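Take a look at the fold below. The report that follows goes through its helices and its sheet.

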Amino acid sequence: MKKIIFIANNNVGTGFSGGDRIFTEFLKNWKGKADLILLGSEEALNMSKERGIDIKLVQTDKVNKSMPGGTLDFITHIFRRTFKGIICIRKNKKELRDADFVYSASDFYPDFIPAIILKLKNPKIKWIAGYYLFAPSPFSSESVYRGKDKLKGIFYWFTQIFSHFLIKNFADYVFVTNEPDRKKFIGKRFDEGKVIAIRGGVDIDLANSVSETDKEYDAVFIGRFHPTKGVMELIDAWAEVCEKKHKARLGLIGVGVLENEMRDKVARLNLQDNIVFLGFVDGLEKNKIFKKSRVALYPSTLDHWSMAPVEAMAAGLPLVTFNVGTLKHLDPKGMIRVDCFDIKEFAQGIIDLLGDKVLYENMRKEAYDWASKWDWKVRSKEIFDILNKEENE
């Protein structure tokens, strides 16, 4: 049986990112097929326990109560967690040195630096590097890192240059989210089979287990409250919707660094009765909220896509989203796509779905049919079989 070491040392807070979903689904679906060990922060270990993942857990660091914070807190966190990860590798070297694979859950230093050290100490170990987001240039006029976040954006962008270099030169496999990012790694060292677009997945059985119910929300958003997710633009779009549908209600599932700014903006626009903050919700409760909603919204402006909107689509919700380039590789159905940052068209897409029963029902069926093909059990098995086949040849 293969031994696979997972490193999720960067996790902070109670949020749940796409990268978190990927590694926890691998843990759930690969149990019994491989000997699994998770090296992670206390937050990562708690997250895994909450999802019923029963494997060997090794804690690298306690909860970081200073995050999320400012740029200095962010930089301090990176250095602290990287150091803690290296120490953990040294303390557990006897148990880790005979691993077949080490998987770093992200390109953040606390995840990939311990992984590369483990790889360098034992070249027989195959390093799988998770690389799920290319940092946008903080110098671009369209960068989401503006104002007080610009320094954080510069730091993230600059450090990723180094992580990209190391992963291209030392990793054995790279997991990305989409086809465009996949092409950025394929080259002299990586052939087609070594760079895998995970794309993501959904729990179809869970989605189907929840019955339809009366609708409390005209629309729902799920994701981190972060500049890359377009949440401030979403509030502007919902204000446009409320100009025509005065009692329209939007449910926001998530937490993040922009929550206070979002709440201030909602109050400033007098939308307290129209926008409801639901906090972080997952699993069954999240699907119950989906079933209480009519439409899903995903205004992310970055050129990659997330599993969060697909989860809502699997519950039978048509989607309104910005038309990022990645979507053309996914052959999407059941969604209205508008140009990035076009607030009025985004709002009009919502109004069209809410006001046209025929359009709504057609797109609802398309959304469910398309999302049903993203079953995590199937996708996890495909990825495991790729690794197993490659290493047995």
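## A helix across the sheet

Helix α5 lies across β1, β4 and β5. α5 runs at about 145° to β1. Contact here means heavy atoms within 4.5 Å. Axes are lines fitted to C-alpha atoms, for helices over the stretch in contact, and angles run from 0 to 180 degrees between N-to-C directions. Helices (H or I, at least four residues) and strands (E, at least two) are DSSP runs, numbered from the N terminus.

This is a predicted model: local features need pLDDT of at least 70, side-chain atom pairs count only at pLDDT 80 or more, and totals for chains, interfaces and linings use all residues. Residues are numbered from 1 along each chain as its sequence is written, and side-chain values use heavy atoms, leaving out hydrogens and water.

## The sheet

The open sheet has seven strands, in the order β3-β2-β1-β4-β5-β6-β7, with parallel pairing. Two strands pair if DSSP finds at least two bridges between them. β3 and β7 (195-197) stand at the edges with a single partner strand each, so one side of each has no neighbour in the sheet. On average, neighbouring strands are turned by 20° against each other, direction ignored.

Strands β4 (residues 101-104) and β5 (residues 126-130) pair in the parallel sense over four bridges. Phe101 stands opposite Lys126 in β5.

## Two helices together

Helix α3 (residues 71-91) packs with helix α5 (residues 109-121) at an angle of about 30°, their axes 8 Å apart. That makes α3 roughly parallel to α5 (angles under 35 degrees count as roughly parallel). Among the residues that meet are Ile78 and Ile89 in α3, and Ile113 and Leu118 in α5.

Key: Angles under 35 degrees count as roughly parallel, over 145 as roughly antiparallel, 65 to 115 as roughly perpendicular and the rest as oblique.
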